[in-house]
Amino acid sequence: MNTYGRLPAAMSHGKGCRLWDVNGKSYLDGLGGIAVNTLGHAHPKLVPALQDQVAKLIHCSNYYVTPNAEKLAAKLVEISGMTNVFFCCTGLEANEAALKLARKYGHDKGIAKPQIVVYEKAFHGRSIATLSATGNPKVQAGFGPLVEGFIRVPMNDIEALKKATEGNPNVSAVFFETIQGEGGINPMRVEYLQQVRQLCDERGWLLMIDEVQCGMGRTGKWFAHQWAGIVPDVMPLAKGLGSGVPIGAVVAGPKAAHIFGPGNHGTTFGGNPLAMRAGVETLRIMEEEKLLDNAATVGAHLKAALQKALGGNPGVREVRGQGLMLGVELAKPCGVLAERALHAGLLISVTADSVIRLVPPLILSTAEADEIVAILVPLIDAFLKE
């Protein structure tokens with residue numbers, strides 16, 4: 001169907017942070033499959049593990065125990081400080097499950113019509129419920145009536161959150177991305193995250209943090225909210241968790257872990273042996289190769305280099321983000337830069353109309369970061385002169 005504005009390239013294969021198209025042209029991958037290819041392409045430790053799994057068992061069904069699902073869940077619990085995990089296939093499904101948890105949590109407390117606080121510029125997916133939670137009128141247009149039960153507030157404003165929920169007994173949860181991805185790489189401030197955690201504790205709400213894009217080591221910690229020293233009650237994950245194999249997860253803490261009972265939620269493909277092996281191996285390799293440290297170090301280098309190179313340009317509003325999740329906001333819409341970068345041998349995306357998004361594999365080297373700057377900065381400079 002006519003759903004994607006495709007760029008004029010067809011990729012054939014990749015190695016590390018590089019891709020080659022069917023004509024043999026090479027590209028530096030600054031997009032990582034949109035924050036998915038954690039270990040880059042054709043990682044020498046991941047490939048044989050997946051080949052081994054495909055030869056054994058790809059899928060069997062959730063009627064039976066999948067040992068690697070238990071192993072991956074145990075690892076996610078360990079690194080998150082939470083208690084239970086549900087596996088699905090995508091970030092949308094993980095977010096959808098979180099919304100169901102919040103509603104049932106409200107119903108279990110006797111709230112007939114539970115409400116969930118969501119944020120301006122948020123993006124949680126394209127199903128009807130996650131679209132309703134999303135804060136982008138452009139992606140919502142044409143799909144009404146949207147699902148009711150959402151209260152929308154601005155980011156980083158605790159007074160606005162308190163005011164929007166004052167005297168409302170129907171609120172059951174607060175739901176947000178630590179760093180908004182599609183919304184333009186907009187980070188929540190550390191003190192705000194701590195304030196929301198405190199407010200949720202005081203009022204008995206679930207704190208639900210969407211770490212689909214900003215999680216899995218991208219900022220230099222396993223999950224971006226960990227910079228604030230807090231633990232959510234519900235945490236949807238996906239994207240980078242399987243290094244390209246479709247996988248999603250909802251991690252829950254004690255307040256949310258036992259809301260679902262048998263028959264309340266399920267999935268055909270979620271937790272299948274191939275995806276679980278991909279998750280187990282991705283986390284193992286990330287630890288072995290110290291990729292959290294690499295994301296923090298190389299990300300800080302890349303951000304500083306971009307700020308230095310673009311600092312004097314009045315058409316550049318801000319370089320922001322953390323680790324290897326960075327955005328360069330320009331003063332005018334810059335969608336054309338995705339194709340211009342492609343022709344120059346660099347893969348990027350443009351989100352929120354005027355923000356260049358960089359979410360490369362977490363194996364990116366300092367030399368490759370410098371290469372991104374060397375290709376991207378002249379393109380930005382030329383574009384802003386037009």
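I began with a charge and a ring: the charged end of Lys-221 sits over the ring of Trp-227, 4.7 Å from its centre. For this I required NZ of Lys or CZ of Arg within 6 Å of the ring centre and within 35 degrees of the ring normal. I also found the charged end of Lys-332 over the ring of Phe-383, at 4.5 Å from the ring centre.

I note that this is a predicted model, in which local features need pLDDT of at least 70 and side-chain atom pairs count only at pLDDT 80 or more, while totals for chains, interfaces and linings use all residues. Residues are numbered from 1 along each chain as its sequence is written, and side-chain values use heavy atoms, with hydrogens and water left out.

**Entry: salt bridges**

Side chains of opposite charge can pair when their charged atoms come close. I counted a salt bridge where a side-chain nitrogen of Lys or Arg lies within 4 Å of a carboxyl oxygen of Asp or Glu. How many salt bridges does this rule give? The count comes to 23.

I looked up Lys-113 and Glu-148, which form a salt bridge with the closest N and O atoms 3.8 Å apart. Lys-113 lies in the loop between helix 4 (91-108) and strand 5 (115-119), and Glu-148 in the loop between helix 6 (137-140) and strand 6 (150-153), so the pair ties together parts that are 35 residues apart in sequence. Helices (H or I, at least four residues) and strands (E, at least two) are DSSP runs, numbered from the N terminus. For accessibility I used relative accessible area with a 1.4 Å probe and protein chains only: buried is under 20%, exposed is over 50%, and partly exposed is in between. Lys-113 counts as exposed because its relative accessibility is 58%, and Glu-148 counts as exposed at 53%.

Next I examined Asp-353 and Lys-138, whose side chains meet in a salt bridge of 3.1 Å, N to O. This pair links distant parts of the chain, 215 residues apart: Asp-353 is in the loop between strand 16 (349-351) and strand 17 (355-358), and Lys-138 is in helix 6. Asp-353 is partly exposed at 43%, whereas Lys-138 is exposed at 58%.

**Entry: nonpolar cores**

I took a nonpolar core to be a set of buried Ala, Val, Leu, Ile, Met, Phe, Trp, Tyr and Cys residues joined through side-chain atoms within 4.5 Å. The largest has 62 residues, of which Leu-76, Leu-302, Leu-306, Leu-330 and Ile-380 touch the most other members. Helix 12 (residues 366-385) supplies the largest share of this core, 10 residues.

What does Leu-76 touch, leaving aside its neighbours within four places in sequence? Leu-76 is in contact (heavy atoms within 4.5 Å) with Val-85, Phe-87, Leu-237, Leu-241, Ala-249, Val-251 and Leu-283. A second, separate core has 23 residues, including Leu-99, Ile-116, Ala-129 and Leu-206.

**Entry: aromatic pairs**

A pair of aromatic rings is described by the distance of the centres and the angle of the planes. Rings of Phe, Tyr and Trp (its six-membered ring) pair if their centres lie within 6.5 Å; planes under 30 degrees apart are stacked, over 60 edge-to-face, and the rest tilted.

Tyr-63 is exposed at 73%, and Tyr-64 is exposed at 52%.

Tyr-119 and Phe-176 also form an edge-to-face pair, with 5.6 Å between centres and 80 degrees between planes. Tyr-119 lies in strand 5 and Phe-176 in strand 7 (residues 171-177), so the pair ties together parts that are 57 residues apart in sequence. Tyr-119 is buried at 1%, and Phe-176 is buried at 1%. Ring pairs link Tyr-119, Phe-176 and Tyr-192 into a cluster.

Finally I traced an open sheet of 4 strands, with the order 1-2-3-15 and mixed pairing. Two strands pair if DSSP finds at least two bridges between them. The edge strands, strand 1 (11-15) and strand 15 (346-347), each pair on one side only. Strand 1 pairs with strand 2 (residues 18-21) in the antiparallel sense over 4 bridges. Leu-19 in strand 2 is the bridge partner of Gly-14.
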